[in-house]
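Hello,

I am handing over the model we talked about. Please open it alongside this note.

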Amino acid sequence: MGALRRLRRELIVAALMLGLPLLLLTLVRELFVLQVLTFVFIFAIYAQSWNLAAHSGQFSLGHATFLGLGSYASIIAASRLGLAPAVALFVGPILPALAGFAIGALCRRLREAYFGMVTFGCTAIVQVLVVEQFGWLTNRWDGLDAPRLAPEGLPVERVAVLNYVISLALMVATYLVVAAIIRSRIGLAFVAIHDNETVAAAAGVSVVRYRLLAMGVAGYIGGVAGALNGHTLTRHISPGVFGLEDSIWPVLYSIAGGLGTPEGPILGTLLVRVFWEWALRRIGGFDSLILIGLMLALVVTALPRGIYPVFARATAALGARLTPNSVKQP
Amino acid sequence: MVLDAGTLLRILLWGLVSGSVYMLLATGITLIFGVMKVVNFAHGELMMTGAFVTFILSHAFGLNPYVGVFVSMAAVGVLGIVIERVGFRRLRGTAKINEIFFSIALILILQNALARIFVPRFREYVQIKTPYATEVLDLGLITLRYDFVILLVLAWATLLGLWVVLYRTGLGRDVRGTSQNRTAAMLMGIRVERVDMLTFGIGAALGALAGSLYGIINPFGPYAGTLPAIKAFAVIILGGLGSVRGAVVGGLLYGIVESVATFFLGGSWRDAIAFVLLIVVLLTRPQGLFREGA
């Protein structure tokens, strides 16, 4: 009960996050809108994974490792071992979780830019391993087709709705898990490591163990996002996933929403993605990416803590104005 | 796979040539790191910008690429100074992670600005044509392309020039001093912010040279800079961050190792070797990672 009371605010936010999109579902049935939002839910899970690793001071620039491995493992588990996609979705990510432990162990002494360089390098190695060493399993550069999550014989509209609801539910579940971790003693240890490893170690925090834990959990969550993406939206996986682009997106989403909060990645993914879909139609892909780059540069130099704190302050101010008898903060 | 003396020499020569490109790239990154303690993840994009400037000068204006490369170095050098002035300088003193984020923004901006200009006009990949592309020097066991000779001379002459600047001029003394101890350098009256700006410019210009030479021996596109830059990161971690000597030795060694390993393990391992090497170093000599020198 103590944990539930501590998470009261998060449970309310989770209910809203679940309720509003379901309400939307009763109003809008346009396939395109559903697909964009399903994408947002899946990549919010992915951004959440990056955010958790970053929370413990590990700023990964090779997060595509987890996304890709989760996708591959789940698809292979489903098509080779005959698991139902709904089961493979949770079995497959064990592989990226192990990869998270391994990469975390490899990088246990590294911080900041060094950690970024090596995690990026790991993605390149994983790509070669997937294409060459496990080529017999992964069909090399051609990649694999994914069995779909929805049962066969369902019409397209129903499939879209099903994907939407499942992705939404998993996003909210991930949010609660990450929020519970961040609000617990483990989360305090993460923040301590993030702020100052030496001081954290002096205070009795087992730095390496917590860093590995963060990477393992991040690996699992990132893998779920990859598996979900494969079984619902892309229906295919190829080694191209281990590129720079899929490692940069979760960073962008998390920064846009605000680092270090469990709400940030979700808000950020929604904002960036909706903007992206709008911009792509107006000004084309290259210009949209240039614009995102310019905005990121601007945010970093002008708003180093992201948009969410501004958003939270604004809603708090609004709340204070709506309740006239509330005590004014000095 | 028959390994005779000629084949071996060819592998080593290719290693020397590609190693010289990595060397220039790594030197630029390590200089910037030494002085500013900033890892510029967008260095590969500066490199490709340099390659594209040289390409355009030779393609559209018919300028000899070995002349055009100097224009390109000057242009990208100025771009580097602008980036330092409006970007990295504002981030000094904030969380280190902001520098990584700013680099990512630079990657997005430069890559897509290049793609926007080049993809509609040319195919995905272009290569810089030189007037000597067909001429070779016959050395008996192997034949040597003129381009390789000029490339090696250019790379090493530039390195010699850099050495002269670093160790025989007042500016070089300021750069080395700032790199060793920023506060002390400031107290000695060195204008460290000017040093930052010039170092970033020099580093970017070295990147432009590396890119142009890369573009003469390889096809390249707007997104081709990422991988060489990441390899250069591996090189400077191997050689010791902030150490120019480490970048030179590491770059050459890396080029040769890559060339030999590609021959024996196959082409697809080419890009992963850097990281296998890096992992081995991290596991066996993690304490040797952060040696910093001049």
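Below is what was found in it, from the whole complex down to single residues.

**Conventions**

This is a predicted model, so to speak of local features a pLDDT of at least 70 is needed, side-chain atom pairs count only at pLDDT 80 or more, and totals for chains, interfaces and linings use all residues. Residues are numbered from 1 along each chain as its sequence is written, while chains are lettered from A and ligands numbered from 1 in the order in which they are written.

**Confidence**

The predictor gives the complex an ipTM of 0.83 and a pTM of 0.85. Chain B averages a pLDDT of 87 (the predictor's confidence in each residue, from 0 to 100). In chain B, 96% of the residues score at least 70. Where pLDDT is low, the predicted coordinates should not be read in detail.

**Chain A**

Chain A has 15 helices and 2 strands. Both are DSSP runs numbered from the N terminus: helices are H or I with at least four residues, strands are E with at least two. The radius of gyration of chain A is 20 Å, close to the 20 Å that the globule rule gives for 330 residues, so chain A is as compact as a globular protein of that length. That radius is taken over C-alpha atoms, and the rule is 2.2 Å times the number of residues to the power 0.38. Along the principal axes, the C-alpha atoms fill a box of roughly 65 × 55 × 45 Å.

Buried residues make up 50% of chain A. A residue is buried if 20 or more other C-beta atoms lie within 10 Å of its own, exposed if 12 or fewer, and partly exposed in between; the C-beta atoms are placed from the backbone. Of the contacts in chain A with a separation of 6 or more, 79% join residues 24 or more positions apart. A contact means C-beta atoms, placed from the backbone, within 7 Å.

Helix α4 (residues 64–79) of chain A is mostly covered, with 15 of its 16 residues buried.

Two loop residues deserve a look. Asn139(A) has a positive phi of about 60 degrees although it is not a glycine. It lies in the loop between α8 (135–138) and β1 (144–145) of chain A. With 15 C-beta neighbours inside 10 Å, Asn139(A) counts as partly exposed. Arg235(A), also not a glycine, has a positive phi near 55 degrees. Its loop runs between α12 (207–234) and β2 (236–237) of chain A. Arg235(A) is partly exposed, with 15 other C-beta atoms within 10 Å.

**Chain B**

Chain B has 11 helices and 2 strands. Their order along the sequence is α-α-α-α-β-β-α-α-α-α-α-α-α. The radius of gyration is 19 Å, close to the 19 Å from the globule rule for 294 residues, so chain B is as compact as a globular protein of that length. Its C-alpha trace spans about 60 × 50 × 35 Å along the principal axes. Of its residues, 49% count as buried.

α9(B) is mostly covered: 13 of its 14 residues are buried. Just after α9(B), Gly240(B) takes a positive phi of about 100 degrees.

**Interface and core**

In the interface, 36 residues of chain B are in contact with 32 residues of chain A. On the chain B side, α3 (65–91), α4 (97–118), α9 (226–239) and α11 (273–284) each give two or more residues. The largest share, 13 residues, comes from α4(B). By class, that side has 26 nonpolar, 6 polar and 4 charged residues. Here Ala, Val, Leu, Ile, Met, Phe, Trp, Tyr, Cys and Pro count as nonpolar, Asp, Glu, Lys and Arg as charged, and the others, Gly among them, as polar.

The largest nonpolar core has 186 residues. Such a core is a set of buried Ala, Val, Leu, Ile, Met, Phe, Trp, Tyr and Cys residues joined through C-beta atoms within 7 Å. Among the members that touch the most others are Phe43(A), Leu252(A), Ile104(B) and Ala234(B). Phe43(A) touches Ala225(A), Trp249(A), Tyr253(A), Thr269(A) and Arg273(A), not counting residues up to four places away in sequence.

Best wishes

Terms used: Two residues are in contact if their C-beta atoms, placed from the backbone, lie within 7 Å.
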